[in-house]
Amino acid sequence: MTNTNTEFKWNRKHLIGLQELSAQEIEFILDTAKGFEQVSTRSVKKAPTLRGKVVVNMFFEDSTRTRISFGLAASRLSADVVEFTKKSSSVSKGESLIDTAMNLEAMGIDTVVVRHSAGGAPKLLTQCINACVINAGDGYHEHPTQGLLDVYTMREKKGSLKGQKVAIVGDIAHSRVARSNIWALTKLGAEVTLVGPPTLMPAKVHELPVKVCYDLDEVIEEIDIINMLRIQFERMGGSPFPSVREYQRFFGLTVDRMKRAKSDIVVMHPGPINRGVEIESEVADGANSVILEQVSNGLAIRMAVLYLVNQAAANESKSK
Ligand code: CP
């Protein structure tokens with residue numbers, strides 16, 4: 001693993017969100033991830049970096065990409081990986097998040113990767129246990145490793161993000177992915193526009209460092225990168241738009257709309273996709289789509305984050 005930036009010293013043993021990181025810290029993670037990319041191309045996909053360490057995947061919400069990616073990343077760094085699920089644990093008997101984490105820590109874990117429906121759950125854990133805590137998505141708050149893998153993919157496609165016009169489209173209100181993207185992108189100098197119906201914009205949207213637009217056709221011709229968000233039907237009480245067909249007509253990334261976009265527009269989606277709702281299949285699987293590259297890049301990002309937080313924890317214990 002190589003990171004040519006030898007002057008910067010990473011000292012965070014938790015990753016809770018991108019809002020609190022500086023541009024330099026974000027770039028340091030991206031550069032560290034670049035160094036880890038080659039581990040996944042070896043015939044034996046292993047590095048000894050975290051040998052003897054234990055990582056617990058503590059997911060209180062369902063996940064395919066994030067959970068498997070963290071598990072693979074930890075195992076490629078030679079850590080022992082423990083899978084915790086809400087359904088098969090004593091949480092179903094009423095045990096609290098904090099008691100659960102304290103009991104896991106008593107078994108000698110080093111890192112907790114946590115996904116929870118409550119915004120703030122990972123931060124709370126940092127106050128109750130000594131292990132490193134990595135947020136794998138908390139409520140509507142943040143999904144920092146998704147934000148990092150998104151800007152990593154954008155940087156690979158466009159070089160510097162300075163001045164790049166990025167549209168984040170759709171269900172902004174319920175999206176922790178949108179929040180982590182907004183912080184990372186604006187810190188790295190991109191111009192971010194949020195696009196969607198007023199009913200899917202968060203409260204206080206005008207306090208965010210972004211432009212807001214309620215009509216995708218107004219901006220489609222000028223944007224360099226478009227990140228389509230999943231409509232999170234499971235988080236909604238009623239329907240925020242009259243019909244799915246109506247939503248797709250005004251905000252869906254369709255083949256027709258793509259004809260008006262720049263020829264080198266980068267098309268992204270964090271997954272899972274509602275095909276035919278926020279994006280047409282021909283576009284999701286088309287030449288401009290980097291959706292599966294995002295998933296591949298997630299591995300290097302998560303290896304970098306696991307490595308950096310454990311390094312910071314080792315430095316902290318050395319200095320005590
Ligand atoms: N992008 C993302 O967080 O996907 P999963 O819910 O499958 O982890």
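Alanine 47 sits in the loop between helix H1 (23-36) and strand S2 (54-59); helices (H or I, at least four residues) and strands (E, at least two) are DSSP runs, numbered from the N terminus. The model is predicted: local features need pLDDT of at least 70, side-chain atom pairs count only at pLDDT 80 or more, and totals for chains, interfaces and linings use all residues. Residues are numbered from 1 along each chain as its sequence is written, and side-chain values use heavy atoms, with hydrogens and water left out.

**Alanine 47 and its surroundings**

- Alanine 47 is buried, with a relative accessible area of 8%; buried means under 20% relative accessible area, exposed over 50%, and partly exposed in between (1.4 Å probe, protein chains only).
- Not counting residues up to four places away in sequence, alanine 47 touches Val39, Arg42, Arg76, Leu77 and Ser78, where contact means heavy atoms within 4.5 Å.
- Alanine 47 and leucine 308 are 261 residues apart along the chain, and 14 Å separates their C-alpha atoms.
- Serine 78, one of the residues that alanine 47 touches, lies in the loop between H2 and strand S3 (80-85).
- Serine 78 is not a glycine, yet has a positive phi of about 70 degrees.
- With 18% relative accessibility, serine 78 counts as buried.

**Serine 69**

- Serine 69 belongs to helix H2 (residues 65-76).
- The relative accessible area of serine 69 is 8%, so this residue is buried.
- Gly298, Leu299 and Arg302 are touched by serine 69, not counting residues up to four places away in sequence.

**Two domains**

- The chain is divided into domain 1 (23-143 + 296-315) and domain 2 (144-291); the bounds come from an automatic or database domain assignment.
- The C-alpha centres of the two domains lie 26 Å apart.
- In the contact between them, 28 residues of domain 1 meet 26 residues of domain 2.

**The five-stranded sheet**

- Five strands form an open sheet in the order S8-S7-S6-S9-S10, with parallel pairing; two strands pair if DSSP finds at least two bridges between them.
- At the edges are strand S8 (211-213) and strand S10 (266-268), each of which pairs on one side only.
- From one strand to the next, the twist averages 20 degrees; axes are lines fitted to C-alpha atoms, for helices over the stretch in contact, and angles run from 0 to 180 degrees between N-to-C directions.
- Strands of a sheet pair through backbone hydrogen bonds, either parallel or antiparallel.

**Strand S6 and its partners**

- Strand S6 (residues 165-169) is largely enclosed by the rest of the structure, because four of its five residues are buried.
- Five bridges pair S6 with strand S7 (residues 191-195) in the parallel sense.
- Alanine 167 has threonine 193 in S7 as its bridge partner.
- From S6 the chain passes through helix H6 (residues 176-187) to S7, in a right-handed β-α-β crossover; right-handed means that, with the strands pointing away from the viewer, the path from the first strand over the helix to the second runs clockwise.
- S6 also runs parallel to strand S9 (residues 225-228), joined to it by four bridges.
- Isoleucine 168 has asparagine 227 in S9 as its bridge partner.

**Nonpolar cores**

- The largest nonpolar core has 64 residues, of which Leu148, Ile168, Leu185, Leu194 and Leu306 touch the most other members; a nonpolar core is a set of buried Ala, Val, Leu, Ile, Met, Phe, Trp, Tyr and Cys residues joined through side-chain atoms within 4.5 Å.
- Helix H11 (residues 291-319) gives the most to this core, with 11 residues.
- Domain 1 and domain 2 each supply at least three residues to this core.
- Another core lies apart from it and has 26 residues, among them Val219, Ile220, Ile226 and Val267.
- The contacts of isoleucine 168, not counting residues up to four places away in sequence, include Ala178, Ile182, Leu185, Leu194 and Asn227.

**Backbone details in loops**

- Glycine 271 and proline 272 are joined by a cis peptide bond, with omega about -10 degrees.
- Proline 272 is in the loop between S10 and helix H10 (281-284).
- Lysine 204, in the loop between S7 and S8, has a positive phi of about 60 degrees although it is not a glycine.
- Lysine 204 counts as exposed, at 61% relative accessibility.
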